[in-house]
Each structure stands twice: as C-alpha cells, then as structure tokens.
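Read it with the structure in view.

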Amino acid sequence: MAANTGGAALEGEKVVLVPYMREHVPRYHEWMQDPALLQATGSEPLTLEEEYQMHLSWISDPSKHTFIVLDKQRIRGGGFVHGDPHVEAMVGDVNIYANDPDDPRTAEIEIMIAEPESRGKGLGKEAVLMMMAFAIKSCGIQKFRAKIGDSNTTSLSLFRKLGFKDYSHSEVFKEVTLEMAVEPAEGEAPENS
C-alpha cells in the first residue's frame with residue numbers, strides 16, 4: 001500500500017476528508033481525553049507531545065492513511081478551501097492500514113465520530129464509503145477488515161449495514177472482527193491469478 005494521500009482532500013455530500021495535519025492534533029488530543037472514546041477506539045491516553053509524535057508516525061508510514069472527517073455544515077463560511085485544516089469543522093477521523101504482510105490487499109478500517117452532535121447523521125457511513133473507495137482506487141485494496149468492541153453496537157450496526165460480515169469474535173479482547181471483500185476494478189487481475 002504505497003499510495004499516500006498526497007495532501008488530497010476527498011469531498012462528499014455531507015463530509016470532506018482531509019489528510020491528518022499537525023493543526024488537527026490539539027483538537028484530536030481533546031477528543032482522546034474522553035474515557036468513552038478511548039474505550040470505543042481501544043486507545044490509550046497520550047500526552048499532547050505523545051499525540052504529536054503519534055501524528056508524525058502515522059503520516060510517515062506508507063501502510064497507514066488517516067483522514068480527518070469534516071462536517072460540511074460546520075465549515076466556516078460554508079465553503080471548503082483546499083489546504084485549510086478547517087479545525088472548526090472537525091468531527092472525527094477515518095483510517096485504513098495494511099498490517100498483514102501476508103495479505104497486502106487487505107486493510108483494516110476504522111471510523112470515529114467524536115463530536116456527539118454529529119453522530120446519527122450519516123457522516124460516519126459516508127466517510128467509511130469514501131475511505132473504502134480511496135483505498136480500492138489508490139491502494140489496490142480488495143478486502144476490508146474492521147475490529148470493533150463487542151459493546152460498540154452503533155459501529156457494529158454501521159459496518160453490518162454496509163455489507164461487512166462477522167468473521168470472528170474474541171472473548172479475550174471483547175471484539176468482533178468483520179470483513180468485506182470487494183471485486184477488483186475492471187482491467188485489474190485478481191490476486192493470485
């Protein structure tokens with residue numbers, strides 16, 4: 001998965017996905033102080049400095065892609081300006097990472113809508129679909145995997161509605177793994193052909 005976001009933003013009907021920039025880190029750090037978000041995302045609390053270091057590690061790793069989810073209704077002036085971090089419109093993030101060296105066409109996908117007033121509006125669904133389209137086109141991904149805490153019924157419901165199927169359940173980690181295979185784009189040879 002050598003493709004990089006290259007600073008490209010993706011614009012949808014309700015959301016804009018922008019690459020995770022240094023300007024986003026303080027707001028992201030605020031979100032990650034919420035114990036409920038930490039639990040839902042399986043994250044550990046970090047200091048602000050550690051969050052900046054984590055940001056650098058993510059943007060320099062070619063196997064990871066993180067976009068900040070912007071709510072188009074919250075963008076100042078109502079218009080999207082490319083290159084502006086639009087911190088005021090941040091509502092969450094969406095990530096993919098290829099962490100299976102034996103299966104480079106599989107990526108794990110995560111979504112977080114951190115702002116409570118932005119939940120239940122379809123922003124997460126659109127962000128996931130946009131990220132999947134990006135990963136298929138730019139990274140050659142053919143299978144997506146989502147690992148979700150078994151108590152996170154909202155995320156489980158979202159991924160199941162999108163067509164993800166339950167693959168496994170870990171009692172130890174209290175986590176459900178869901179998967180979805182996608183067809184290769186026309187003109188691409190399927191893996192192992």
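His86 counts as buried, at 3% relative accessibility; buried means under 20% relative accessible area, exposed over 50% and partly exposed in between, with a 1.4 Å probe and protein chains only. This is a predicted model, where local features need pLDDT of at least 70, side-chain atom pairs count only at pLDDT 80 or more, and totals for chains, interfaces and linings use all residues. Residues are numbered from 1 along each chain as its sequence is written, and side-chain values use heavy atoms, with hydrogens and water left out.

**Loop residues with positive phi**

- His86 sits in the loop between strand 3 (64-71) and strand 4 (90-97); strands (E, at least two residues) and helices (H or I, at least four) are DSSP runs, numbered from the N terminus.
- The phi of His86 is positive, about 50°, although His86 is not a glycine.
- Lys174 is found in the loop between strand 7 (165-170) and strand 8 (175-181).
- Lys174 is not a glycine either, and its phi is positive, near 50°.
- Lys174 is partly exposed, with a relative accessible area of 44%.

**A buried helix residue**

- His55 belongs to helix 3 (residues 48-60).
- His55 is buried, and its relative accessible area is 5%.
- Beyond its neighbours within four places in sequence, His55 is in contact (heavy atoms within 4.5 Å) with Tyr20, Met21, Arg22 and Val25.
- A polar atom of the His55 side chain lies 3.1 Å from the backbone oxygen of Tyr20.

Definitions and conventions. A polar contact is a pair of N or O atoms within 3.5 Å; within protein, one must be able to donate a hydrogen and the other to accept it, and residues adjacent in sequence count only if both atoms are side-chain atoms.
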